[in-house]
Amino acid sequence: MTHAMLKGSNVPLDATAVRAVLRWTPGAGVPDVDASALLVGPDGRVRSDEDFVFYNQPRHPCGLVRHLPKAQLSEALTDTIEAELAPLDPSVARVVLAASSDGGPFAGVTDLRVLLYDAAAPDGEPLAYFDVVPETGEETALICGELYRRGEHWKFRALGQGYESGLVGLATEFGISVEENDATASRPAPAAGSPSPEASAAEAGGEGPTAAAPRPADGTPPAAAPAPAPSGPVSPPPGAWPEEATAPPAGGPQTDPDAVTQHVPDRMPEPFSAAPLPPAPTGGYGYPANVPPPPAQPPAQPTYGYPGPPPQQPYHPPQQPPAYGYPQQPPPVAPTYGYPVPAQPQPFVPDPSFVLPPQGPQFQRR
């Protein structure tokens, strides 16, 4: 009996191995669809990046979950995930079945359906099917459904949850570190009658897979591409002299255009040091140089009977002005040889014979 499922419904599975088939109708402007599976633990995340099975990693290391090649079925195209549920490790709680579009969002895929078959009876009727309808149409990745444990048995739930970030965003949500270059790497060839991933990528403005190098007609393998030149300076090998490491090869420029080697010329010899020249003479023409001056002569003594030069007077510092009411005392003058000594002021002595003049009668004693 085939179960037509709605979004959010589930159905028990009696089969120990199932085959989930994605089916859609290809055509001009219709994006290509790829099936993938994620083995998720009880915490909702994968145990490692090996738990992601898709076209670039088509087989899980345990061999129980596999991605099969695409196939043409009448006017439809299919992509299949096969899983053996019973022998899976108990740490795997769910097997998430996903789909990603290449060449545009899922709005261009109008008849996407997932069909669940018993892997032991591939030609039998499907156990269940679910028509996957995107919510906004801008999604580029969809979770179509999931196979999950319930005790010792397994069930299938229809989901239809979408992601606008594509397969990379879906895988990152489950804990996988997937680079966008890895997710958009070489893709498997589609079945006959379906648009190639290269053509779909060209319509969407993206880049197609990298083409392999053509093999020559004589059957010899293509020549390997030359190794890229190092971007920095190359260190000389052990034991090489500096001249061998820095000198450019003879007959042409260096093979590495990015490496810049500055050639330092050899040091020039030191200039010849001549003996210092003697100093030039300072005397006039015909006179010897460096003549010492004559010794100083003592001053001439005066001749008897003639006065000599006046002696130099000793310097006396200026005196402070006298206080008010007191006479100023002149400084003592030292006698000069041959000259009289100036008279010095004598101190005042009262005259003993001095008497007052006669006084009036009013002042006389009676």
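This is a predicted model: local features need pLDDT of at least 70, side-chain atom pairs count only at pLDDT 80 or more; totals for chains, interfaces and linings use all residues.
Which side chain of opposite charge is nearest to Glu139, and how far away is it? Residues are numbered from 1 along each chain as its sequence is written, and side-chain values use heavy atoms, with hydrogens and water left out.

**Figure 1. Here is the open sheet, six strands in the order E1-E10-E9-E3-E7-E6.** Its pairing is mixed. Strands E1 (3-4) and E6 (65-73) sit at the edges with a single partner strand each, so one side of each has no neighbour in the sheet. Strands here are DSSP E runs of at least two residues, numbered from the N terminus, and two of them pair if DSSP finds at least two bridges between them. E3 (residues 17-24) runs antiparallel to E7 (residues 76-84), with eight bridges; look for Ala20, whose bridge partner in E7 is Ile81. E3 is also antiparallel to E9 (residues 113-118), this time through six bridges, and there Arg23 has Arg113 as its bridge partner. E9 then pairs with E10 (residues 128-131), again antiparallel, over four bridges, with Leu115 opposite Tyr129.

**Figure 2. Zooming in on Leu22 and the largest nonpolar core.** A nonpolar core is a set of buried Ala, Val, Leu, Ile, Met, Phe, Trp, Tyr and Cys residues joined through side-chain atoms within 4.5 Å; buried means under 20% relative accessible area with a 1.4 Å probe, protein chains only. This core has 39 residues, and Leu22, Leu88, Leu112 and Leu147 touch the most other members. Leaving aside residues up to four places away in sequence, Leu22 touches, among others, Val33, Leu77, Ala98, Leu112, Val114 and Cys144 (contact: heavy atoms within 4.5 Å). A second, separate core has 16 residues, including Leu38, Val40, Phe52 and Leu167.

**Figure 3. Back to Glu139, in the loop between E10 and E11 (141-150).** Glu139 is buried yet has no salt bridge (a side-chain nitrogen of Lys or Arg within 4 Å of a carboxyl oxygen of Asp or Glu). The nearest side chain of opposite charge is Lys7, 7.7 Å away. Instead, look to the backbone: the Glu139 side chain reaches the backbone nitrogen of Glu135 at 3.3 Å, and one of its polar atoms lies 2.9 Å from the backbone nitrogen of Gly137. Beyond four places in sequence, Glu139 touches residues including Ser101, Phe106, Pro134 and Tyr163.

Notes:
Buried means under 20% relative accessible area, exposed over 50%, partly exposed in between (1.4 Å probe, protein chains only). Lys and Arg count as positive and Asp and Glu as negative; His and the chain ends are not counted. A polar contact is a pair of N or O atoms within 3.5 Å; within protein, one must be able to donate a hydrogen and the other to accept it, and residues adjacent in sequence count only if both atoms are side-chain atoms.
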